[in-house]
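Begin with the spaces, then turn to the rings.

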Amino acid sequence: MSQLQLFSEPFAKTGNMAAEGFKRLLGRPTLELLPTMLREGIQNVLDASDGISAATVLIRLRTLTPEQQHALGTRLLAERPRGDVTRADIDASLAKPGLRVLELCDFGTEGLSGPTRADAPHDGEEPLNFVNFLRNVGAARDTHHGGGTYGYGKSSLYAMSSCSTIVVDSQTRSSDRDQRRLMACHLGAAFDATLDDGIRRRFTGRHWWGVLDGDSSVEPSVGDSAVELSAAIGMPARSDRQTGTSILVIDPLLGRDDLRSSIDDIIETVLWNFWPRMTASTPTAKKLKVEVELDGGKIAVPSPEDFPPLDLFSAAMAEHRTSSSDLRPIRCDRPKKLLGNIATRQGLRADRR
């Protein structure tokens, strides 16, 4: 059976960003953690969609089986960071009976493609999705109309975990070949530690679990090994053609003990933030399909047309998309210019869900 190996990032002579600095990228958002993570994570999915077919997102909240929890603690995170005070957080989470995980999975996107080393030369053709998501901090999105940078969004994933640890499983293509990639990551705190050769070093607090590449780096687990490890902790199965990425947040900070209430929060967040992508009138290339599961059971996600007050918003959006005769022009007098058209819908206040 395969097992991941731990690599803790040492400070370079020229300096690095400490894990605490990475965590501070999130700042103090006005939204709570769960809505922030979902909004940023799903926006990344939309940025990575092919622009031809609908993007599919699967959100799962589940309790690991004893076998899955054992595999997580003994095969994926068997080695724990030494010297890092946040090691205690990982130990505490993995020792919880009935450990919960929150998964954000996408299908039909390009996945975490490109080179796996941040120092690899870039020819400008293959995207840098893998290194920008798992290694670099603050790299700009290189997609047309892509939002923001690889920093704020992924920091919300670590913030959502009570032990700041995630597992990432991606099916993608690299150098024109299908490849499965799996890696676990933890954001801790900067620390000093003595190495096996007796030399004392300073470490950033960023940790990865994968396959050691000598003593200076770590690569993701790939191929059959990645598939086996992903299955061992119950992550979604994928064929070679089901490209996309699954992100598992360990021991999520939900703010509620009732899992069904957390699921309701998830559904409401998705609808309020992405309803224009989920209506019946949304073009196929822009459409977003969202599925939600609680401990293996599917939970229905209502359409915006069935979720007041989004029903009125959706009707107005449909009018606009079909260029209805009810549209009213919005004009500017100086300079004289047509700014756009507006569609409105009115109705009695319906019961909120």
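To sort the residues around a space by class, Ala, Val, Leu, Ile, Met, Phe, Trp, Tyr, Cys and Pro are counted as nonpolar, Asp, Glu, Lys and Arg as charged, and the others, Gly among them, as polar. The model shown is a predicted one.

By these classes, the lining of the second largest cavity consists of 7 nonpolar, 3 polar and 3 charged residues. At least two lining residues come from each of α5 (129-134), α6 (152-160), β7 (177-187) and β9.

The pockets come next. The largest pocket holds about 540 Å³ of space. Of its 18 lining residues, F7, R82, L195, F203 and D215 lie nearest the centre. Strands β1 (5-10) and β9 (200-212) each supply at least two residues of this lining, and the largest share, 4 residues, is from β1. Sorted by class, the lining of the largest pocket has 8 nonpolar, 3 polar and 7 charged residues.

The second largest pocket has a volume of about 350 Å³. Its lining has 16 residues, with F7, E9, R135, S216 and S217 closest to the centre. Here too β1 and β9 each give at least two residues to the lining, and β1 gives the largest share, 3 residues. The classes in the lining of the second largest pocket are 7 nonpolar, 4 polar and 5 charged residues.

Now the rings. A pair of aromatic rings is described by the distance between the centres and the angle between the planes. There are 4 aromatic pairs by the rule used here. In one of them, the ring centres of W272 and F313 are 6.4 Å apart and the planes stand at 75°, so the pair is edge-to-face. W272 belongs to helix α8 (residues 259-274) and F313 to helix α9 (residues 310-321), 41 residues apart. W272 is partly exposed, with a relative accessible area of 39%, and F313 is partly exposed at 38%.

F313 also pairs with W275: the centres are 5.6 Å apart and the planes at 40°, so this pair is tilted. W275 lies in the loop between α8 and β13 (288-294), so its pair with F313 in helix α9 ties together parts 38 residues apart in sequence. W275 is buried, with a relative accessible area of 14%.

R181 lies over the face of F130, 5.3 Å from the ring centre, and R238 lies over the face of F107, 4.1 Å from the ring centre.

Methods: Residues are numbered from 1 along each chain as its sequence is written. This is a predicted model: local features need pLDDT of at least 70, side-chain atom pairs count only at pLDDT 80 or more; totals for chains, interfaces and linings use all residues. Side-chain values use heavy atoms; hydrogens and water are left out. On a 1 Å grid over the protein atoms alone, a cavity is a set of points where a 1.4 Å probe fits but cannot get out, and a pocket is an open set with protein on both sides within 12 Å along at least five of seven lines; lining residues have an atom within 4 Å of a point. Grid points are joined across faces, edges and corners, and a volume is the space filled by probe spheres set on the points. Rings of Phe, Tyr and Trp (its six-membered ring) pair if their centres lie within 6.5 Å; planes under 30 degrees apart count as stacked, over 60 as edge-to-face and the rest as tilted. Buried means under 20% relative accessible area, exposed over 50%, partly exposed in between (1.4 Å probe, protein chains only). A charge sits over a ring if NZ of Lys or CZ of Arg is within 6 Å of the ring centre and within 35 degrees of the ring normal.
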